[in-house]
Amino acid sequence: MGQQAPRYLSGIQPSGQLHLGNYFGAIRQHIINQDNAFYFLANYHALTTVHDPAALRQHTFEAATTYLALGLDPERATLFRQSDVPEVAELTWLLSTVAGMGLLERAVSFKEKKDKGINASVGLFTYPILMAADILIYDSDVVPVGSDQVQHLEMTRDMAQGFNALYGETFKLPTYELGTPVPVPGIDGQKMSKSYGNTIPIFLRGKDLKKRLLAIETDSTPLEDPKNPDACNVFALYRLFATPDQQLDMRAKYAAGHYGYGHAKLALLDLITAHFSNAWDRYDHLLTHPSQVEDALQLGASRARPIARATLDRARTACGL
Ligand code: TRP
């Protein structure tokens with residue numbers, strides 16, 4: 001184990017169309033760090049909020065297609081559906097017998113989801129145990145996370161230590177890597193999020209994309225006046241795609257006046273189009289060749305499953321099954 005490159009692992013909840021917030025917040029980094037990485041579509045987790053079978057299947061498939069279209073190479077990374085390795089559900093049970101109620105009751109994400117009005121099933125409450133099983137079953141070294149998931153990682157370490165203390169060294173203790181937060185505003189200027197209905201989906205393009213970009217909220221500074229790029233949602237999105245020179249150039253246009261937000265939106269449209277046009281083409285290709293997506297997922301599952309089986313067997317033996 002010690003000689004190999006560290007194993008990165010992350011789960012992606014397939015709960016809807018992936019957007020620029022997901023892209024800059026996680027997906028882009030996942031693709032860059034794909035060598036030796038394990039990425040899975042967390043469809044067991046999604047069941048805590050999605051109860052429409054066709055939608056769940058569709059979202060899971062689209063999330064996989066998104067990763068492949070954006071450059072995930074199924075030979076370099078192991079991409080799979082969580083539910084294709086059902087061993088993780090059995091490990092969840094074993095961990096649930098050592099996880100303290102108090103630990104779960106302190107979970108911030110459960111409280112937040114409940115406050116948002118999500119119907120609190122037992123599964124929503126035990127979500128962190130399934131997540132711990134995800135991480136521990138693949139002997140993961142590093143889990144790249146956003147700040148909202150740090151508590152889950154601490155709980156994972158807690159469960160692993162609790163199990164190891166009772167039954168002897170069984171699980172590797174994972175660490176996490178906190179990504180630098182990239183602020184991505186939605187079209188209304190709030191954080192881009194599906195629940196605010198303000199997203200720009202990665203695979204929106206052409207006329208639909210243009211329409212969406214033209215709907216970005218801006219202030220009413222007259223066309224001829226100078227404008228402040230640092231107070232502008234269009235510029236905040238533009239800079240995510242622009243080179244430093246392009247950013248300086250755009251800043252100069254804002255400062256000079258006679259440059260409208262409509263112009264800036266069209267410049268943004270050009271940059272987004274240039275950035276994603278290859279991915280859009282690959283996405284279209286994969287949508288019409290779904291067996292290529294399925295093959296990639298099967299390849300991933302065939303690599304992930306033996307590792308999961310071995311860890312589960314270790315845990316079963318350790319606790320007396
Ligand atoms: N809870 C994570 C999220 O909402 C998704 C997830 C499930 C996950 N299992 C995981 C992330 C294991 C990292 C590791 O984003």
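**Entry 1: Arg-309 and Glu-87**

I looked up the salt bridge between Arg-309 and Glu-87 and found 3.7 Å between the closest N and O atoms; a salt bridge here is a side-chain nitrogen of Lys or Arg within 4 Å of a carboxyl oxygen of Asp or Glu. Arg-309 belongs to helix α14 and Glu-87 to helix α4 (residues 87-96), so the pair ties together parts that are 222 residues apart in sequence. I note that salt bridges with shared partners join Glu-87, Arg-305, Arg-309 and Asp-313 into one network. Glu-87 is buried at 7% relative accessibility, whereas Arg-309 is partly exposed at 32%. The classes are buried under 20% relative accessible area, exposed over 50% and partly exposed in between, with a 1.4 Å probe and protein chains only. Helices (H or I, at least four residues) and strands (E, at least two) are DSSP runs, numbered from the N terminus.

The model is predicted: local features need pLDDT of at least 70, side-chain atom pairs count only at pLDDT 80 or more, and totals for chains, interfaces and linings use all residues. Residues are numbered from 1 along each chain as its sequence is written, and side-chain values use heavy atoms, with hydrogens and water left out.

**Entry 2: Further salt bridges**

I recorded 13 salt bridges in the structure. In one of them, Asp-35 pairs with Arg-76 at 3.0 Å between the closest N and O atoms. This pair links distant parts of the chain, with Asp-35 in the loop between α1 and β2 (38-41) and Arg-76 in the loop between α3 and β3 (78-81), 41 residues apart. Asp-35 is partly exposed at 47%, and Arg-76 is partly exposed at 39%.

I then checked Arg-81 and Glu-294, whose side chains form a salt bridge of 2.7 Å, N to O. Arg-81 is in strand β3 and Glu-294 in helix α14, 213 residues apart. Arg-81 is buried at 16%, while Glu-294 is partly exposed at 27%.

**Entry 3: Val-293**

Val-293 also has its place in helix α14 (residues 290-319). I found it buried, at 0% relative accessibility. Not counting residues up to four places away in sequence, Val-293 touches Phe-61, Ala-64, Thr-65, Leu-68 and Leu-286, contact meaning heavy atoms within 4.5 Å.

**Entry 4: The two domains**

The assignment, automatic or from a database, gives domain 1 (8-183 + 290-318) and domain 2 (194-283). Their centres, taken over C-alpha atoms, are 33 Å apart. I noted 19 residues of domain 1 in contact with 15 of domain 2. About 1400 Å² is buried between the domains, 70% of it from carbon and sulfur atoms; buried area is the accessible area (1.4 Å probe) that two parts lose on being put together, summed over both. On the side of domain 1 that touches domain 2, α1 (20-32) and α3 (53-69) are the elements that give two or more residues, and α3 contributes the largest share, five residues.

**Entry 5: Asp-139**

Asp-139 is in the loop between α8 (127-137) and β4 (142-145). I found Asp-139 buried at 12%. Its C-alpha is 7.0 Å from that of Phe-171, 32 residues away in sequence.
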